[in-house]
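Open your viewer and get ready to select. This tour goes one stop at a time.

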Amino acid sequence: MKRPPIFGLMAEFDSPTELALAARKAYEEGYRRLDAYSPFPIEEVSEAIGFGHSRVPLVVLVGGLLGGIGGYLMQYWISALNYPINVAGRPLNSWPAFIVVTFEMTILGAALFAVFGMLALNRLPMPYHPVFNVERFAFASKDRFFLCIYADDRKFDRAQTEKFLAGLNPKNVSEVPH
Amino acid sequence: MAEDPTGQAPRTGRPPVIAPGYTFATVTDKISAIVLSRRTSMGWIVGFGVGFILTMVLLLAVSYLLVKGVGIWGIDIPVAWGFAIVNFVWWIGIGHAGTLISAILLLLNQPWRNSINRFAEAMTLFAVMCAGMFPLLHLGRPWLFYWLFPYPNTMQVWPQFRSPLVWDVFAVSTYFTVSLLFWFVGLIPDLGTLRDRAHSRFARAAYGFLAMGWRGSARHWKNYESAYLLLAGLATPLVVSVHTVVSFDFAISIVPGWHTTIFPPYFVAGAIYSGFAMVLVIAIPIRKYYGLGDMITMRHLDNSAKIMLVTGLIVAYGYLIEGFMTWYKSEDFDFFMMKNRLMGPYAPLYWALIFCNILAPQVLWSRRVRQSVGALFTISIVVLIGMWLERFVIVITSLHRDFLTSSWGMYYPTRWDWLTFWGTVGFFGMSMYLFIRFLPMISIFEMRTLLPEAEVEAEAK
């Protein structure tokens, strides 16, 4: 696919309600390559742009299982196989004594996967992103709300989309250069 | 605009969690200005300076320890644990309130936590750092601390996984790692805010580097919220487990005064008790000197005081059960331990701890006391002292009268014990000062969600 001449178009809104409404309308209009930006999480907005499910919980489950199973097997291998110490014939695989470390490793695995999984799914760290080329975008981390439709959307048309965004009653619409 | 975002003030008459009249912009400006544009005050420089000097004292004490060995401390047989373990347990307990506030209160949907969780988490991190130093220095050869971890080595030996001391290594290091991750994840959106607000090139670059390109996209937020909630869910059992494992260090042994099943719950309650005392000791000056009374309101102080009261009563119950079990067990060594604790050479410390932890905090039943900032500050200091004394009594009185009379001894801390202890207090203070100067001490994005204008109106749902 040819690279479009601009990254997309961005509309600025005043309130979370306006952003949620605009995001919904854009999705209903058939736009799929779009994103919304807000200074705090808004459940309605991510649903409106069709991003209802996060894969983070699955990643965390995998991390927890790996940590827990790995933690137990490590202790089993060390205490029963690699370096068994016979203390008056007591069992080598003394599982009750291994629970604490297994538990801690479960939490550690799940937490590491939660954080790094979240960052990976969000494609962070990302040193450069075109949306920052819009000067007003600095307010997205303060008190403004933005909706951006990417130029690589199949329905994207420079004039049509701009007209559509202008019809959503935004503060302004601006072009996002690459 | 509604009087109170939680909608509770009109009905209950309680003060709101954030004063009315704030908007997204003013909340952002107020908190970020402390970091970005406010002049560094004389008070900050003096406070930081004191912390810095004490940190240098700590370095001195540790250097001397590395040169001479643990003999410079008051420890000996029979009291081989001494200050190092007392301070370890005390510091790590203080950390617990931060995790309780950030994780458990988040899961319980207590929005008032949003203005105190950030610095409480920072407090946790610094307290765990202080705590971690003690057992390491107490090792005797601290530079070999990594022997505690299971790594393949040329000696072909492994840690003993049936020992509570190895459990403790895993518990504390996991606790520190998870607390650090939780705290940093909470900071990412606010670092983005600081990046966009900062004027100096260096600040923009530094905050921008740490924010990692955060842009507040709806997809980001969705994954972020999911990860944040799950981390809270993971940190909740963790916070309960850490002090439980610390108490196993004692309870798994057969020393009279340590070998008891009440230890895990009573240690956890005591940890939260001292932790909230430290939260108040930090929050009260911060809200005064940085004018944050609108965000850290009387309601926060009142709630923290109530949690202190409850956990303090659980601790009192723990003392009671310790006494009851001694009587119920009817063992000579246990009887002697309790008699020695109540009337032996360290008895004044025991009665001081009863006063500090049980008697004095009962004034918190009074609403007037809970509304008085000065009284809360004083009580918190008293509780911190009391909880330190508790650990001293547990560690020292149980050890100094050994099973055989010929092995009895006394424990007196040396000047190096004291310098190390006050050194960690200084390190903790210095780190807190640096934190409030360079990072937003209140979570900005979570404060925005508390505002009435953050509600999405029904038409957009």
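What percentage of the 178 residues in chain A do buried residues make up? They make up 43%. A residue counts as buried if 20 or more other C-beta atoms lie within 10 Å of its own, as exposed if 12 or fewer do, and as partly exposed in between, with C-beta atoms placed from the backbone.

Before moving on, note that this is a predicted model, where local features need pLDDT of at least 70, side-chain atom pairs count only at pLDDT 80 or more, and totals for chains, interfaces and linings use all residues. Residues are numbered from 1 along each chain as its sequence is written, while chains are lettered from A and ligands numbered from 1 in the order in which they are written.

**Stop 1: chain A**

Select chain A and colour it by secondary structure. Look for 5 helices and 4 strands. Helices (H or I, at least four residues) and strands (E, at least two) are DSSP runs, numbered from the N terminus. Starting at the N terminus, their order is β-α-β-α-α-α-β-α-β. The radius of gyration of chain A, 25 Å, is well over the 16 Å from the globule rule for 178 residues, so chain A is more spread out than a compact globule. That radius is taken over C-alpha atoms, and the rule is 2.2 Å times the number of residues to the power 0.38. Along the principal axes, the C-alpha atoms fill a box of roughly 85 × 35 × 30 Å.

Now colour by domain. An automatic or database assignment sets the bounds. Domain 1 of chain A is 8-53 + 145-176, and domain 2 is 56-121. Their centres, taken over C-alpha atoms, are 45 Å apart.

**Stop 2: Phe103(A)**

Select Phe103(A), in helix α4 (residues 95-121) of chain A. Is Phe103(A) buried or exposed? It counts as buried, because it has 22 C-beta neighbours inside 10 Å.

**Stop 3: chain B**

Switch to chain B. Here there are 16 helices and 0 strands. Buried residues account for 48% of its 461 residues. The C-alpha trace spans about 80 × 55 × 45 Å along its principal axes.

Finish with helix α4 (residues 82-107) and helix α5 (residues 117-138) of chain B. Their axes come within 7 Å and cross at roughly 160°. That makes α4(B) roughly antiparallel to α5(B). The contact residues divide into 17 nonpolar, 8 polar and 1 charged. Ala, Val, Leu, Ile, Met, Phe, Trp, Tyr, Cys and Pro count as nonpolar, Asp, Glu, Lys and Arg as charged, and the others, Gly among them, as polar. Axes are lines fitted to C-alpha atoms, for helices over the stretch in contact, with angles from 0 to 180 degrees between N-to-C directions. Angles under 35 degrees count as roughly parallel, over 145 as roughly antiparallel, 65 to 115 as roughly perpendicular and the rest as oblique.
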